[in-house]
Amino acid sequence: FSYTGAAVAAELVARGFRVHTLTNRRAPAGTAITASPLTFEPDSLRRALAGADLLVNTYWVRLPHAGQSFETAVARTLTLFEAAVAAGARRLVHVSVANAERGRDLGYYRGKAALEERVRALPIPHAIVKPTLVVGPNDVLTANIAWLLRRFPFFPVPAARARLQPVTLGETASL
């Protein structure tokens with residue numbers, strides 16, 4: 001029920017899939033989606049994933065905070081992948097980021113690249129979705145950029161090598 005996860009779940013429901021999510025957020029009223037609490041305890045994850053045909057992983061942390069780091073996000077995600085395989089999931093789709101392998105000097109990208117390597121080694125079919133800048137309703141990054149543009153007389157522009165092609169939230173979910 002967070003940003004990308006909510007869009008993916010809505011897309012799957014619209015396509016006729018039955019969706020069960022692992023989350024610590026409250027379900028919106030009237031949703032057809034069922035939920036279990038997101039814990040990273042292997043037995044609990046296996047039980048929650050029992051009978052799943054597909055795991056779409058959108059779990060990640062934007063910034064280190066409250067004892068969370070990119071390293072803990074990697075470890076938790078690996079626990080989730082292992083539980084999915086143990087529960088008999090037949091396929092995994094992992095949402096990563098474009099060019100993760102090029103940004104290994106930054107924790108965010110280093111963690112995403114490490115997970116991509118692990119996904120490729122899983123014994124089940126998989127796909128890795130690698131969006132650039134995802135834009136859409138309630139998008140935190142572009143909302144913060146817009147706020148800065150409205151309030152400051154200048155705005156730093158990244159070097160020409162930092163070009164990107166935004167993708168909408170809906171396009172990301174449909175992938």
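# Exercises on a predicted model

Helix α1 gives the second largest pocket the largest share of its lining, 4 residues. Keep in mind as you work that this is a predicted model.

## Exercise 1: The second largest pocket

**Solution.** 
- Step 1. Start with the space itself: the second largest pocket holds about 240 Å³.

## Exercise 2: An aromatic pair

Work out why the pair of F40 and Y59 is classed as it is, and say whether Y59 is buried or exposed.

**Solution.** 
- Step 1. There are 7 aromatic pairs in the structure.
- Step 2. In the pair of F40 and Y59, the ring centres are 5.0 Å apart and the planes meet at 50°, so this pair is tilted.
- Step 3. F40 sits in the loop between β2 (34-37) and α2 (42-49), while Y59 sits in the loop between β3 (54-57) and α3 (70-87), so the pair ties together parts 19 residues apart in sequence.
- Step 4. Buried means under 20% relative accessible area. Y59 has 16%, so Y59 is buried.

## Exercise 3: Salt bridges around K130

Trace the salt bridges that K130 forms with E101 and with E116, and decide how accessible K130 is.

**Solution.** 
- Step 1. Recall the idea: side chains of opposite charge can pair when their charged atoms come close.
- Step 2. In the salt bridge of E101 and K130, the closest N and O atoms are 3.5 Å apart. This pair links distant parts of the chain, 29 residues apart: E101 is in the loop between β4 and α4 (107-120), and K130 in the loop between β5 (126-129) and β6 (134-135).
- Step 3. K130 also meets E116 in a salt bridge, at 3.1 Å from N to O. E116 belongs to helix α4 and K130 to the loop between β5 and β6, so the pair ties together parts 14 residues apart in sequence.
- Step 4. Check the accessibility: K130, at 31%, counts as partly exposed, and E101, at 40%, is partly exposed. E116, at 2%, is buried.

Technical notes. Residues are numbered from 1 along each chain as its sequence is written. This is a predicted model: local features need pLDDT of at least 70, side-chain atom pairs count only at pLDDT 80 or more; totals for chains, interfaces and linings use all residues. Side-chain values use heavy atoms; hydrogens and water are left out. Rings of Phe, Tyr and Trp (its six-membered ring) pair if their centres lie within 6.5 Å; planes under 30 degrees apart count as stacked, over 60 as edge-to-face and the rest as tilted. Helices (H or I, at least four residues) and strands (E, at least two) are DSSP runs, numbered from the N terminus. Buried means under 20% relative accessible area, exposed over 50%, partly exposed in between (1.4 Å probe, protein chains only). On a 1 Å grid over the protein atoms alone, a cavity is a set of points where a 1.4 Å probe fits but cannot get out, and a pocket is an open set with protein on both sides within 12 Å along at least five of seven lines; lining residues have an atom within 4 Å of a point. Grid points are joined across faces, edges and corners, and a volume is the space filled by probe spheres set on the points. A salt bridge is a side-chain nitrogen of Lys or Arg within 4 Å of a carboxyl oxygen of Asp or Glu.
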